[in-house]
Amino acid sequence: MKSFSCRCGARVFFDDYWCTACGADLGYAAAVGTFLARRPAEDPAFIAGDGTAWKACRNRDLHFVCNWLLPADDSRHFCPACRLNSLIPNLSTDQNVRLWRRVEHAKRRLVYSLLRLGLPTEAEPGRPALRFEFLEDQRSNPQVAESLVMTGHRAGIITINLLEADDVARHSVRDQMSERYRTLLGHFRHESGHYYQDLLVAGEPVKNEFRALFGDERQDYAAALARYHDIGPAPDWGMCHISPYASSHPMEDWAECWSHYLHITDGLETARANGLAGDSSPGNWDSEVALWVSVSVRLNELARGLGVDDPYPFVLNASVRAKLAFIHRRLEAARWGAAAAAAAR
């Protein structure tokens, strides 16, 4: 995440709705990657530096769960991130509104990364649109029909159980599953990896390279997951995987590595924006990984000094680094392909 500022010059943060220095309303214009400000009594719209007018997403006015903007002349009412929602929670309780707000904050960080990487979210030939459903089950609301809602991805739909936004409930599941890391943002990043796998791992040469690194994705997925939940991870998972769950199936290995690619790229952008890291060799992914290892070690030590859990409790072994490099190459190839297609039009 890069650093942002209000038009008054004060530092603002990605989830801010107003400037604490001058009191102006703030909104993030994703298309131009910056925050815009207005004083409601004087400015009905947010005005960009080029004079274009922007308006607030309706979810800001209705539920105060979004601080993104869209062009004032856009006939739609929801910002690019909120337009990805296909199902939101029942908002009849203050608790659900509070939990949904947390979910939306995490989702917008994912969408920020997807836009930064130039990844498509809308339907293309042979590919469904990326959409989100936020659901409850009877563990948190006995009035709903679903006894159990699993966070996951299917046919373009990423489902997030609203209970994951409850810190106590999420930490309880983390302990039950013997996980050292379980966050809302981690869920979003992991599930988005399943959505983009077909886009980035296409064609036999690429699939063969994928299989050499991650394993054969054609093996029975349901049986592999059942085996993982029955007997646990591979005994040597730490030698070639980023997490125990990554050893359950090659597609889960991809999704876990994808989420870490987003952790690393966003983490380094944030570190640089805050003066905690310098530039590595331009275009050299290996040097980026080495820099992240240095930054994350310091980050973990700082957390331990404050008495909290390690923010990044992972080891990037040689196998994981090779998988991350593969993801990086596939993203670079996708960006080059999109640029070439645009130039040909």
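A: **Aromatic pairs**

Phe64 is partly exposed, at 32% relative accessible area. That class runs between buried (under 20%) and exposed (over 50%), using a 1.4 Å probe and protein chains only. Trp18 is partly exposed too, at 46%.

The model is predicted, so local features need pLDDT of at least 70 and side-chain atom pairs pLDDT 80 or more, while totals for chains, interfaces and linings use all residues. Residues are numbered from 1 along each chain as its sequence is written, and side-chain values use heavy atoms, leaving out hydrogens and water.

Rings of Phe, Tyr and Trp (its six-membered ring) pair if their centres lie within 6.5 Å; planes under 30 degrees apart are stacked, over 60 edge-to-face, the rest tilted. Trp18 and Phe64 are stacked, because their ring centres are 6.0 Å apart and their planes at 25 degrees. Trp18 sits in the loop between strands E2 (11-12) and E3 (25-29), and Phe64 in the loop between helix H1 (58-63) and strand E7 (69-71), so the pair ties together parts 46 residues apart in sequence. These elements are DSSP runs numbered from the N terminus: helices (H or I) of at least four residues, strands (E) of at least two.

Tyr195 and Tyr196 pair edge-to-face. Their centres are 4.7 Å apart, with 85 degrees between the planes. Both are buried. Ring pairs link Tyr195 and Tyr196 with Phe210, Phe214, Trp254, Trp258 and Phe326 into a cluster.

Tyr195 also has a charge over its ring: the charged end of Arg127, 4.5 Å from the centre. The rule asks for NZ of Lys or CZ of Arg within 6 Å of the ring centre and within 35 degrees of the ring normal.
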